[in-house]
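Please look over the sequence and the model shown here before reading on. The report below describes the fold, the sheet and the salt bridges.

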Amino acid sequence: MTTDLSRRKLLMRGLAATAGVSALGAAARIAQKYGLIPPDHRGIYGPGETLTYASQRLLTRHSLAREFPQTQISNPPLANEMPPLNEAFKSLQAGGFADWRVSVDGLVDRPASFSLAQLKSYPSRRQITQLQCEEGWSYIAEWIGVPLSHVLDAVGIRPQARYIVYFSIDPDWWDSIDMADAWHPQTFLTYGMNGHELPVGNGGPLRIRLPRQLGYKSVKFITHLTVTRSLKGYGKGSASASPEGGSYAWYAGI
């Protein structure tokens with residue numbers, strides 16, 4: 001029987017060989033056969049996006065992002081520019097975010113809505129990782145939160161699930177990941193930074209944190225997650241790429 005490792009080697013050789021002769025279309029067909037097609041696989045850049053996503057998933061599915069010692073934490077951590085905060089956010093902020101909720105629905109057995117207090121009651125995790133922006137800047141911080149996998153276990157993910165779509169309180173700001181990143185131990189719902197509450201400028205009171213992907217995937221001010229089998233129908237969405245196209249690629253692995 002072919003082992004999982006040898007199967008991966010065989011797939012990688014097939015992808016590499018077809019790419020080596022610029023036959024990206026053939027590489028895409030191999031990826032499709034084994035369920036390694038990203039949502040943005042169409043269009044002129046589609047075969048390249050497919051090759052990138054399939055190769056990284058085969059090689060790095062369980063790899064960890066680099067973690068740093070406390071001596072390398074950036075001081076201060078950069079709070080990059082963001083859209084003006086809406087009235088709904090300001091109202092919640094005035095109440096100390098006591099009424100902040102993040103709901104989870106879609107392909108789950110137990111749809112739920114979690115307060116910050118509930119999330120903080122779960123076993124917390126810490127990681128000192130780098131947030132790396134596609135614009136060229138980066139910073140290192142200690143991120144404190146609950147692994148997204150813990151929340152997914154609490155709601156009960158159905159077998160058909162393929163993606164998590166997550167939304168900011170800003171209605172035009174959302175993104176999505178596949179289940180490999182959703183279950184990854186370093187993917188957090190983050191509510192703390194460097195021993196304190198997560199600052200608003202860095203996404204407080206709650207942001208998703210994906211240290212294996214570029215910064216635009218770590219959406220700020222998270223209020224809603226939907227578990228789905230398809231990304232069709234979500235439209236253009238945020239400035240980061242959507243299944244139908246956008247500013248950046250759907251998969252932003254680093």
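What follows is a short report on this predicted model.

Residues are numbered from 1 along each chain as its sequence is written, and side-chain values use heavy atoms, with hydrogens and water left out. Because the model is predicted, local features need pLDDT of at least 70 and side-chain atom pairs count only at pLDDT 80 or more, while totals for chains, interfaces and linings use all residues.

**Overall picture**

The protein has seven helices and 10 strands. Helices (H or I, at least four residues) and strands (E, at least two) are DSSP runs, numbered from the N terminus. Of the 254 residues, 47% count as buried; buried means under 20% relative accessible area, exposed over 50%, and partly exposed in between (1.4 Å probe, protein chains only). The protein exposes about 12,500 Å², of which carbon and sulfur atoms supply 54%; these areas come from the Shrake-Rupley method with a 1.4 Å probe, and for residues only the protein chains shown count as cover. Contact means heavy atoms within 4.5 Å. Among contacts between residues at least 6 apart in sequence, 66% join residues at least 24 apart.

Confidence is given as pLDDT, the predictor's score for each residue from 0 to 100. The protein averages a pLDDT of 86, and 81% of the residues score at least 70. Over residues 239-245 pLDDT stays under 50, and for this stretch the model has 26 contacts beyond four places in sequence.

Five strands form an open sheet with mixed pairing, in the order 2-1-10-5-6. Strand 2 (112-115) and strand 6 (174-178) are at the edges with a single partner strand each, so one side of each is left without a neighbour in the sheet. From one strand to the next, the twist averages 20 degrees. Two strands pair if DSSP finds at least two bridges between them. Strand 1 (residues 101-106) pairs with strand 2 in the antiparallel sense over four bridges, and valine 102 stands opposite phenylalanine 114 in strand 2.

Helix 6 (residues 148-155) lies across strand 1, strand 2, strand 5 (163-168), strand 6 and strand 10 (222-228), and runs at about 140 degrees to strand 2. For such angles, axes are lines fitted to C-alpha atoms, for helices over the stretch in contact, and the angles run from 0 to 180 degrees between N-to-C directions.

**Salt bridges**

A salt bridge is a side-chain nitrogen of Lys or Arg within 4 Å of a carboxyl oxygen of Asp or Glu. A search of the whole structure finds eight salt bridges, among them those in the table.

| Pair | Closest N to O |
|---|---|
| Arginine 57 and aspartate 178 | 2.8 Å |
| Glutamate 197 and lysine 120 | 2.8 Å |

Arginine 57 in helix 3 (residues 46-60) and aspartate 178 in strand 6 are 121 residues apart. Arginine 57 is buried, at 2% relative accessible area, and aspartate 178 is also buried, at 6%.

Aspartate 109, in the loop between strand 1 and strand 2, and arginine 158, in the loop between helix 6 and strand 5, are 49 residues apart. Aspartate 109 is partly exposed at 46% relative accessible area, and arginine 158 is partly exposed at 34%.

Glutamate 197 lies in strand 8 (residues 196-197) and lysine 120 in helix 5 (residues 116-121), so this pair ties together parts that are 77 residues apart in sequence. Glutamate 197 is exposed at 52% relative accessibility, whereas lysine 120 is partly exposed at 35%.

Salt bridges that share partners also join Arg57, Asp178, Asp181 and Arg212 into one network.
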